[in-house]
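Below is a short note for a colleague who has not seen this model before. The points start with the sheet and then turn to the ligand.

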Amino acid sequence: MQAITINDVLDARERISRVVRRTPLIRSSTFSEWSGFEVFLKAENLQKTGSFKIRGASNKVMSIAPHEGQRGVVTGSSGNHGQAVACVAARFGYGATVVMPEGGSPVKAASIKGYGANLVYCGKTSQERLSFAEKLAKESGGAFIHPYDDPLVMAGQGTAGLEIIEDLDDASVILVPTGGCGLISGIAVAVKEKRPNVKIFGVEPAGSNSTGLSFKNGKRTALDRIETAADGIRTTIPGELTFPLVQKYVDGMIEVTEGEILYAQRVLLERCKLLAEPTGAVALAAILSGALARLAKSGKAVALLSGGNVAMQELAEYLLRAGPNG
Ligand SMILES: *Cc1c(COP(=O)(O)O)cnc(C)c1O
């Protein structure tokens with residue numbers, strides 16, 4: 001049996017609508033002219049907490065029994081998921097503990113602390129963080145909130161897909177960045193179970209291509225080396241629950257280079273006045289690089305801008321590295 005169906009996504013939407021923002025779908029005439037597609041941007045960089053992660057986090061936190069919530073929620077994440085969990089927990093008056101990597105970004109730590117969460121540091125890899133967070137949750141009797149491999153989290157992320165097809169009922173392609181695949185699996189279920197003709201492609205950096213590799217091999221395959229500025233998707237292996245849905249519904253995987261990602265980030269800011277973190281620009285990079293044109297004919301293409309959380313100092317470096325022409 002698959003982890004979630006369209007009904008779980010519809011339930012999620014009911015549950016979280018008073019917590020999350022309905023983000024705009026923005027048509028870009030510049031990118032349309034450049035690419036030959038009619039390009040639309042799903043602006044989850046403008047979502048509360050600066051990324052789509054609050055969709056899944058709120059669906060999970062709002063589903064746990066209040067007596068369990070009172071014992072606190074725990075997660076392991078250096079970034080957007082940690083911020084989302086901290087934000088939602090605060091809203092419901094639950095304590096939150098976020099396990100960060102040793103030497104993790106002080107900007108992200110400050111933001112998580114700003115929502116009132118406790119910070120704990122452990123290890124370097126996401127596996128170390130998640131195992132430690134799970135252990136803390138067991139000890140305290142609180143709820144562990146996985147960043148992607150949880151049906152409620154996946155269904156919450158899928159609500160972005162419902163909004164896209166409502167706003168653009170003749171979309172031909174939707175491009176989604178992939179890490180652990182909670183986002184793309186939720187969107188794929190929501191979109192394909194309503195509109196089977198819409199194509200869905202996952203996009204990832206060439207230096208962090210575990211989903212593409214797994215897709216090609218027909219089974220979950222781990223990377224032993226990851227190199228990308230896209231820190232939201234430095235995942236070594238797609239999820240156990242999420243990957244079967246990728247196999248069932250996703251039409252293909254696309255790789256983009258670091259130069260293509262930073263170029264997309266730069267032109268989003270310059271042309272559309274939209275600030276994306278590098279991960280948030282990965283899907284657009286697949287359109288602007290010409291990669292999508294090799295897989296699909298012209299039509300309405302939606303790039304999901306998944307997040308906008310980037311430290312200003314890092315942004316300055318990325319903008320310089322992107323150069324005038326990418
Ligand atoms: C988490 C994240 C992703 C990837 O989501 P998965 O569910 O792990 O595939 C993409 N972009 C941003 C900005 C993220 O924070």
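1. Strands here are DSSP runs of E with at least two residues, helices are runs of H or I with at least four, and both are numbered from the N terminus. Two strands count as paired if DSSP finds at least two bridges between them. The model is predicted, so local features need pLDDT of at least 70 and side-chain atom pairs pLDDT 80 or more, while totals for chains, interfaces and linings use all residues. Residues are numbered from 1 along each chain as its sequence is written, and side-chain values use heavy atoms, without hydrogens and water.

2. An open sheet of mixed pairing is built from six strands, in the order β1-β2-β10-β7-β8-β9. The edges are β1 (25-28) and β9 (252-256); each has a single partner strand, so one side of each lacks a neighbour in the sheet.

3. Within this sheet, β2 (residues 38-43) runs parallel to β10 (residues 300-305), with six bridges between them. F40 has V302 in β10 as its bridge partner.

   - the side chain of K53, with an N or O atom 2.7 Å from a ligand oxygen;
   - the backbone of G179, with an N or O atom 2.8 Å from a ligand oxygen;
   - the side chain of S306, with an N or O atom 2.6 Å from a ligand nitrogen.

Methods. Polar contact = N/O pair within 3.5 Å; in protein donor to acceptor, adjacent residues only side chain to side chain.
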